[in-house]
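Student: I have a model open and want to go through it with you. Can we start with the strands?

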Amino acid sequence: QLQASGGGLVQAGGSLRLSCAASGTIFSINAMNWYRQAPGKQRELVATITTGGTTNYADSVKGRFTISRDNAKNTVLLQMNSVKPEDTAVYYCKAQTISDDYWGQGTQVTVSS
């Protein structure tokens, strides 16, 4: 129901854009989020955007990553600039509704130094 894409291999300092599309069976989405999980670490919240457009970011990505959404298409983007090796992780999108959370399958981002 959530399809994430856009991951890959990028050099440090480069850019990457992740996309996550929610299927038409998910209704009344309040907020959409990007999480990431690096090997051996817990999954962490990277960025959030509400239906009204309010955004929040983890301190580690502030000023480098930008989250945006297209409400009509139920799509959320994560523009990643000035990436660092420590950004290497599997990135997951999540859609929050009134009653449930929906997770995407994850997309691998690898940043080489």
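Student: What stands opposite Arg17?

Tutor: Gln79 in β8 does. Keep in mind that the model is predicted.

Student: How many bridges do β3 and β8 pair over, and in which sense?

Tutor: They pair over 6 bridges, in the antiparallel sense. Both belong to an open sheet of 4 strands, in the order β1-β3-β8-β7, with antiparallel pairing. The edge strands are β1 and β7, each of which pairs on one side only. On average, neighbouring strands of this sheet are turned by 15° against each other, direction ignored.

Student: Next, the core. How many residues has the largest nonpolar core?

Tutor: 29 residues. Among those with the most contacts inside it are Trp34, Phe65 and Met80. Elements that give two or more residues to this core include β1, β3, β7 and β8.

Student: What is Phe65 in contact with, leaving aside neighbours within four places in sequence?

Tutor: Its contacts include Val46, Tyr57, Leu78, Met80 and Tyr91. Arg36, Gln79 and Asp87 are also among them.

Student: Where is Ser82, and what is its phi?

Tutor: Ser82 is in the loop between β8 and β9. Its phi is near 50°, a positive value in a residue other than glycine. Most residues other than glycine have a negative phi.

Methods. Residues are numbered from 1 along each chain as its sequence is written. This is a predicted model: local features need pLDDT of at least 70, side-chain atom pairs count only at pLDDT 80 or more; totals for chains, interfaces and linings use all residues. Side-chain values use heavy atoms; hydrogens and water are left out. A nonpolar core is a set of buried Ala, Val, Leu, Ile, Met, Phe, Trp, Tyr and Cys residues joined through side-chain atoms within 4.5 Å. Buried means under 20% relative accessible area, exposed over 50%, partly exposed in between (1.4 Å probe, protein chains only). Contact means heavy atoms within 4.5 Å. Two strands pair if DSSP finds at least two bridges between them. Axes are lines fitted to C-alpha atoms, for helices over the stretch in contact, and angles run from 0 to 180 degrees between N-to-C directions.
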